[in-house]
Amino acid sequence: MGPLKGIKVIDMTTVLMGPYATQMLGDYGADVIKVESLDGDVTRLIGPMRHAGMGPVFLNTNRSKRSICLDLKKPAGREAVLRLLRDADVLVYNVRPQAMARLQLGYDVVSAINPRLVYAGVFGFGQDGPYAAKPAYDDLIQGATALPALMAQTGDGVPRYVPNALVDRIVGLTAVGAICASLVHRDRTGRGQRVDVPMFETMAGFVMGDHMGGLTYEPPLDKGGYARHLSRDRRPYKTSDGYLSVIVYNDKQWENFFKATARDDLRADPKFATFAGRAANIDVVYAELARIFETRSTAEWIELLTKADVPVMPMHDLASILHDPHLEATNFFPVVTHPTEGPIRSMKVTATWSETDAEPVRLAPRLNEHGAEILRELGYSADEIAAMVRDGVTRSAPE
């Protein structure tokens, strides 16, 4: 049932960052209750989709959860959430802390009800700086942590965002680690705590860990940047009939490459012969590799480099990765049957454990699919639930 079996998580997050984190907690065995607005998580609306409210982004970031919708601005909705939190282990939210305070769900209020609770916020900025109350989105944080500038430097000079919700997913992963660490602390001490995981600071460390360079020192030794990552020729290599991902990195791999390609002239060239020489002349090295790889087909290079033990992988697109032989062999993209959406392609839990194997316990829920069930668990009677529906605190069960 997963290493987090028995842990109850109240998920008050939307879009990607928070839901990605809570899905992982659910995949690891936690009972995750997703508290949605009466309109539901906005990612339910991102298509294409077979049925309204069940788009692919939602399906792929909200499995292993139960759904209840509540209007938290109404006293009865807030009361239901407080009942949920009384015996919960974790609360995860991704609005600004000021918004939680306005809902009267700040840490001071919630911890008084449940001092063992891990109260985890994933939001834009640390709360002790001037950006504390600013809104934040993936694109904004990418820009503020230099990623578009780096893309421009290594490309055509035009700043671009990475074509992936990179920030949301990295911060979500960071949140999972912080939450699990807090649970360990709670088990040792009996006390929960507030955990803030800010997007800006998390990504500043993520990017600058590679690119601090000479700025590490005071005074600086250079303007920063990791030369290998910033080389314009650090890219998939064009072959005679396609593209290929190759990295020739350490001395042994280069020796194997020289032998496989019969390039004794490069072995004798100080720019290629040592790690230090290659690092100092990385643009020259990558440009020469680009010329070499154009001389054979993709299939020829894969066979040659695999035999030479030089790291090589295909350059997939969104369609071909679904048929990668390794991912097919490990059944990474299983086709499963969703109760309302029919056959859908899912993705495996990537981590494995020898004692507590984990797998998704349920597929992504319809809006309020488990609302009545959860309210009954909290002690609400059928008449009370009906009154909450009538008063617009929650919705009736989906058909």
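A pocket here is an open set of points on a 1 Å grid over the protein atoms alone, with protein on both sides within 12 Å along at least five of seven lines; its lining residues have an atom within 4 Å of a point. Volume is the space filled by probe spheres set on the points, and the probe is 1.4 Å.

The model is predicted, so local features need pLDDT of at least 70 and side-chain atom pairs pLDDT 80 or more, while totals for chains, interfaces and linings use all residues. Numbering runs from 1 along each chain as its sequence is written, and side-chain values use heavy atoms, without hydrogens or water.

**Domains.** Colour 8-206 + 331-391 as domain 1 and 237-314 as domain 2; the bounds come from an automatic or database domain assignment. Their C-alpha centres are 43 Å apart.

**Largest pocket.** Its volume is about 1200 Å³. Select Met12, Thr14, Val15, Asn94 and Val95, the closest to its centre among 39 lining residues. Next show strand S2 (31-36), helix H4 (97-102) and helix H6 (138-144), each of which supplies at least two lining residues. H4 gives the most, 4 residues. Helices (H or I, at least four residues) and strands (E, at least two) are DSSP runs numbered from the N terminus.

**Asn368.** Go to the loop between strand S11 (342-345) and helix H18 (371-377), where Asn368 sits. Is Asn368 buried or exposed? Asn368 is buried, at 3% relative accessible area (buried is under 20%, exposed over 50%, with a 1.4 Å probe and protein chains only). Show its contacts (heavy atoms within 4.5 Å), including Ser67, Cys69 and Pro398. Finally, the Asn368 side chain reaches the backbone oxygen of Arg395 at 2.8 Å.

How values were computed: A polar contact is a pair of N or O atoms within 3.5 Å; within protein, one must be able to donate a hydrogen and the other to accept it, and residues adjacent in sequence count only if both atoms are side-chain atoms. Lists of a residue's contacts leave out its neighbours within four places in sequence.
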